[in-house]
Amino acid sequence: MTEVVGLTREQLLQRLDSSEQGLSQSAVPQRQRQYGLNQIRFHRSRSPWRMLLQEFLALFPLLLLAAAGLAFFANNLSPGEGYELIGAALLGVVVLNALVSFLQNYKVEKLMLSFLDYIPREVVLLRDGTEQALDAKEVVPGDILFVQEGDKIPVDGVLLEGDQLVLDESILTGESEPVIRTVLDNQVVTENVVSSGATVLKGSARIITTRTGRSTTIGSISELSQGVTRDLTPMQRELSYFVRRITWLALGIGLSFFAIGFFIGNPFWTNLIFAIGIIVANVPEGLLPTVTLALTQSSVRMGRRNALVKHILSVETLGSTTVICTDKTGTLTCNKLHVESLYLDFNEVGSEDSSGYEKLPAARPATEIMALCNDVIAISNGRKEHDGFHGDPTELALAEFVDDRGGYDSIRGRFEAVSSRPFDAELKYMSATHRTSDGALYMTVKGAPDVLIDRCSQVHSQGVARDLGEEERRGLKDQADHYASQGLRVLALAYRVADAPDAPEEQLVFVALVAMVDPPRPEVAAAVAACHSAGIRVVVMSGDKAETVDYIARKLGIVKHATVIEGEQLAAMSRADLLEALRDEQLLFARIAPEQKLTIVEAFKELGEVVAVTGDGVNDAPALKRADIGVAMGRRGTDVAKEASDIILLDDNFATIVQAVEEGRAVYDNIKKFITYILTSNIPEILPFVAYVLLPIPLPITVVQILAIDLITDILPAIGLGNEPPEKDVMQRPPRRRDERLVSYRTFVRSYGIIGPAEAALSFLVFFLVLDAGGWQWAQPLASDTLLYGQATGALLATIIFCQVGNVMACRTNRQSAVSYLLRPNLWIWTGLLVEVLFILAILYIPMFHRFFSTGPLPLWIWVVIALAPWLIFGIEELRKWLVRRGVQWLAV
């Protein structure tokens, strides 16, 4: 607003083409065309149809759609082989997954739209000399509007008339202390200027509008955040990497066997159909819905913990976070001043030490001054007691301190109000004179220590007023400076017995110093300690002054010996200097602008950190959006902060972030587990096709049976793995490395090189045992409609399913032994195992299913071998984990 600073009242009105009577109604339409409506689009609503379409355009759905296309093509080349079922199943999986993800995102979208109520709906304007109540979006530059206590200011402007205003600008600046704005006198100065987004804590005034809508302070920061681009989340990058890997693997295997078929003399079209089958069989159809369900269920669990997840992939991102950059006001602190310490009778006492305070003789006059020299309004509840206070934050803190120690109302009830002097920004004090029960005039004064101590000639000590010595005066000033150096807000309290209601505030009796602070939230210290245990660094980025940031950070255990960089220092630093400074674990930032928060976040990302940013103000929005994950406060957070974030904390509780980090780490571990589990069955599904082409044997498994494994028997246990509770040490581990892969070559070694081949070997063993018992001879043709063929393929299918039972139990841990997990409850897994057993028994022993699934009833003796399969698989996996724990890292997943 520098363009109006220095203008006189007449020049200001002339520049805005306005007058003391406000704008004329006829001038408004042209200004609205020129400047637009006074509104800011914090959240651009998205079309539901467009949201649904986007669910089909991610890399994984596109892979499944491509596989479906190949399946339908193969069906045209060779009808009746079941490829149309694979194509239909793949399409169904993509559609179902899109609907689940869309419904979750649409629910969040509707909730976001319900948040958009920051700009006040109605304001009172002066137009054509008369007051009019109009919608706030109708305000234009040059309009004069009225504001009073409790109003949110909807424009940038200058105070023309009225009282001085006490404003809360913390959402814009991050500074917790209220600011005072005064009425224009001769020329416009910074103290006359108000900003859109501020809240009036005290006073009333007429404001002439200088800027509206996107041109305001809050609007410009909103535009800055909208220009910030997002990177892919770690999970998006990993899933993209996995899709590329599995695509190239499927193409490589398919083309390899196409070439093998060509060399052994198979016809071209036979080879092509076979290659397509191999490619499609390699695509894990059940993985996409399982990932989506795991993330969605995690989002629901976080919702129960008061964390609204806007984007489900954000859940895992928190788990990989290495640095949390947090605002101070309203995030780490309560955003409410609180009496922290007092200095009276030349003794320091903490506000929590009630007995120690009350024992001091000066406590009585100190309590009286805090109650009488106070303009707060007690909120009545219709009974004798009140329901709290309303007013200036400093006076609220004093009133609440008094109310906890004898009662604010009872003290004021003993005195009769006579006169008062409101707080004056130039004089830096206020006073109130009351009449005592014996008729004396009791003047109470509070104000800035440097001013008030010099107005004192006496000190209240040991219950009496005595002369204040110069050395004692210097000691009091030193104590006030000590409090201020710690970032505390300090007031001095004094009194005198006046001889007249309008007596000057001189020859006072000093009583006490009161140190106040916006205190840390009680749960935050434990949350910070949990972050440190989890290897996560917490960095404070605040618009508040350095002393306050330092004090709060040390009190919460964020740092021990802080290195504070302020905004001016940061602006002068080169990129290399900033990157070097960020390596200091004791670093804090104070007095920084919104664009500087953005700079800090980008520098951390340049160092390879996964950055989470928390905040609630407009000034936090650009950094929230640029971070790997933005976390906004739901109660006090502004709309622009909520729009820029990925997660919204509905209880404004920093400690909820720690729970979300734990959930994110558990989700990552669980997704890794069920990917490993799902990939394993690819080998016993693919090798029978390969054997059928290369060897003179019946086709050991059909397309329908493969679909039964991928979309029926494997799904529920995989979802169960996605819902495993966090392992005990999940918050004692450092964050995973940025280069650590969700699916690494070791995952493929485990699934394709160890457990998968073991499952395939056991399945082939059972397949050939059944064929041999039925009298089949090597290279003998076997029709697909015979009982023996149904029994052999059914036995192979049953063995794969039972192997996967052992596999899912083994996958419940990554490194530790899973023996103790065998009986550990998990409803999804146990339900999945029950469904698997019932399903295989049904398709083997109920005749109506035999034709469709190409199965037949098995003899009882083969079940002995099949029943051993899960234990063998579990044992092989336990051996692998044992070797990993002994240092054989190439076997680690």
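This is a predicted model: local features need pLDDT of at least 70, side-chain atom pairs count only at pLDDT 80 or more; totals for chains, interfaces and linings use all residues.
At 22% relative accessibility, Arg 301 is partly exposed. Buried means under 20% relative accessible area, exposed over 50%, and partly exposed in between, with a 1.4 Å probe and protein chains only.

Residues are numbered from 1 along each chain as its sequence is written, and side-chain values use heavy atoms, with hydrogens and water left out.

**Salt bridges**

Side chains of opposite charge can pair when their charged atoms come close. A salt bridge here is a side-chain nitrogen of Lys or Arg within 4 Å of a carboxyl oxygen of Asp or Glu. The structure holds 29 of them.

| Pair | N to O | Relative accessibility |
|---|---|---|
| Lys 446 and Glu 395 | 2.9 Å | Lys 446 5%, Glu 395 3% |
| Arg 537 and Glu 585 | 3.9 Å | Arg 537 10%, Glu 585 49% |

Where do these residues sit? Helices (H or I, at least four residues) and strands (E, at least two) are DSSP runs, numbered from the N terminus.

Lys 446 forms a salt bridge with Glu 395. Lys 446 lies in strand 18 (residues 441-447) and Glu 395 in helix 14 (residues 393-403), 51 residues apart. Lys 446 is buried. Glu 395 is buried too.

Arg 537 pairs with Glu 585. Arg 537 is in strand 23 (residues 537-540), while Glu 585 is in the loop between helix 21 (575-581) and strand 25 (587-590). Arg 537 is buried, but Glu 585 is partly exposed.

Elsewhere, Arg 9, Glu 20, Glu 161 and Arg 206 are linked in a network of salt bridges.

**Nonpolar cores**

A nonpolar core is a set of buried Ala, Val, Leu, Ile, Met, Phe, Trp, Tyr and Cys residues joined through side-chain atoms within 4.5 Å. The largest has 160 residues, and Ile 558 and Phe 674 have the most contacts inside it. Helix 30 (residues 787-810) gives the most to this core, with 14 residues.
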